[in-house]
Structure formats: C-alpha cells, structure tokens
Amino acid sequence: IWSAYEQVRGYEPVLRWADVETLHELRIAGKWLRYTLEFVREALGDDAAPLIAKVTALQDHLGLMNDANVSGSMARTFLVEHAGDLSELESAAIGRFLLSREREVARLRRQPALLHRGLVHLERDAAVRAHQVDEHPRLRVAGGVPHGEHGLGRGVGQDGGTGLLEHLQGV
C-alpha cells in the first residue's frame, strides 16, 4: 500500500508543469494504487470505499485528458495527411473537432492538482486504514520489518512535510 501510494504522491512536485504523457503515467500509478486498495478492501473495511473513490476519480479525470489528447493528435495527423483530399467543409469540421480536443486538454490540465491534493490529504485516514491491514490476522507478514525501517515516506512532499509512514508511526 505504501509503495503504491508514494508512487502517486511522487508526482506532486511536477504536477504544475507536467505534460500529458507524465500525467498519463500518474494515471497508471493511480491504477496500481486502486488495485492495491481493492485487493485489501476487506481488511480496510467500509472506509475503503471513499479512498478508492478518490483514486478512481483521479484516474477517470486523467483518462479523459489522455483521450482528448490522443483524439486531437489523431485529428491533426489526419488533417495533415489528407489536406489535399478534403473539402473545405470537411477540413473545417475536423479543425473544429481538433480545437475542441485541445481546449478540453487545457481545461482538464488545470484540475489534476486539485484531485491529487485530495489524495494527499487522505494521508491520515490512509495511515489508519493501512495500520488496520497490518493488524489484520490474514494479511500480517510474519517477522515483518516495522514500517519506519523500510525508509519509505521520507522526504515525501518536497516541502519538508512528513510522509505517510511517519504518520503511521504516530498512530
């Protein structure tokens, strides 16, 4: 859980300047976090649903942005490759579609930081949930290393804030 969460959290410092490809990589990291949470959903209990919903919202948002980017790119390529074959009306219609996709990408790019910040603010709740997983008799790793000794979570946030694991140690 920690590793998957921190993979998502690791994108925080670059969100403001990230290109669509990097944001798509964040979507993939979010997918792994969601799969991980769904795998231990039973141990997390009923409170897992809101956390999974936040991750799914991030994935959905970034998926829409990627879809708009890909369809816009395909429209641009089509326009260039078929420039001499298209009527003025066809070119104009495809051009309007291309512009609508570019506007959609721009609109959606302004929002992933808000969605990502929603995940980051779930740290305390996620720490409590992960502690429940650690204590779950069917999921506990015998002879495991205490979380703080893994080194995960150190320096997360790039703002001097503590990571998820340090929060867990205080729980």
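This is a predicted model: local features need pLDDT of at least 70, side-chain atom pairs count only at pLDDT 80 or more; totals for chains, interfaces and linings use all residues.
Which residues make a nonpolar surface patch of about 330 Å²? The patch is made by Ile28, Trp32 and Tyr35.

**Fold and confidence**

The secondary structure of the protein consists of 8 helices and 0 strands. In sequence order the pattern reads α-α-α-α-α-α-α-α. Of the 171 residues, 37% are buried. Among contacts with a separation of 6 or more, 70% join residues 24 or more positions apart. The accessible surface of the protein is about 10,200 Å², and carbon and sulfur atoms account for 54% of that area.

The average pLDDT of the protein is 76, and 65% of the residues score at least 70. Helix α5 (residues 88–109) has the highest confidence, at 95. Confidence is lowest in helix α8 (residues 164–169), where the mean is 36. Over residues 138–171 the pLDDT stays under 50. For that stretch the model has 53 contacts beyond four places in sequence.

Trp32 and Tyr35 are its members, arranged edge-to-face with 5.9 Å from centre to centre and 80 degrees between the planes. The arrangement counts as edge-to-face because the angle between the planes is over 60 degrees. Both residues belong to helix α2 (residues 20–39), where they are 3 residues apart and therefore separated by about one helical turn.

Trp32 has a relative accessibility of 54%, so it counts as exposed. Tyr35, at 37%, counts as partly exposed.

**Helix α2: Arg34**

Leaving aside residues up to four places away in sequence, Arg34 touches Ile52, Val55, Thr56 and Gln59. Arg34 also forms a salt bridge with Glu38. These two residues both lie in helix α2, 4 residues apart, about one turn of the helix. Glu38, at 32% relative accessibility, counts as partly exposed, whereas Arg34 counts as buried.

**Salt bridges**

How many salt bridges does a search of the whole structure find? It finds 4. The table lists some of them, including the bridge between Glu38 and Arg34.

| Salt bridge | Closest N and O atoms |
|---|---|
| Arg9 with Glu12 | 2.8 Å |
| Glu38 with Arg34 | 3.2 Å |
| Arg107 with Glu104 | 2.8 Å |

In the bridge between Arg9 and Glu12, Arg9 is buried, with a relative accessible area of 7%.

Arg107 and Glu104 are 3 residues apart in helix α5, so about one helical turn separates them. Arg107 is partly exposed, with a relative accessible area of 34%. Helix α5 is also where confidence in the protein is highest.

Methods:
Residues are numbered from 1 along each chain as its sequence is written. Side-chain values use heavy atoms; hydrogens and water are left out. Rings of Phe, Tyr and Trp (its six-membered ring) pair if their centres lie within 6.5 Å; planes under 30 degrees apart count as stacked, over 60 as edge-to-face and the rest as tilted. Buried means under 20% relative accessible area, exposed over 50%, partly exposed in between (1.4 Å probe, protein chains only). pLDDT is the predictor's confidence in each residue, from 0 to 100. Contact means heavy atoms within 4.5 Å. Patches are made of residues with over 30% relative accessible area and no salt bridge: like charges are joined within 9 Å, nonpolar side chains (Val, Leu, Ile, Met, Phe, Trp, Tyr) within 5 Å. Accessible areas come from the Shrake-Rupley method with a 1.4 Å probe; for residues, only the protein chains shown count as cover. A salt bridge is a side-chain nitrogen of Lys or Arg within 4 Å of a carboxyl oxygen of Asp or Glu.
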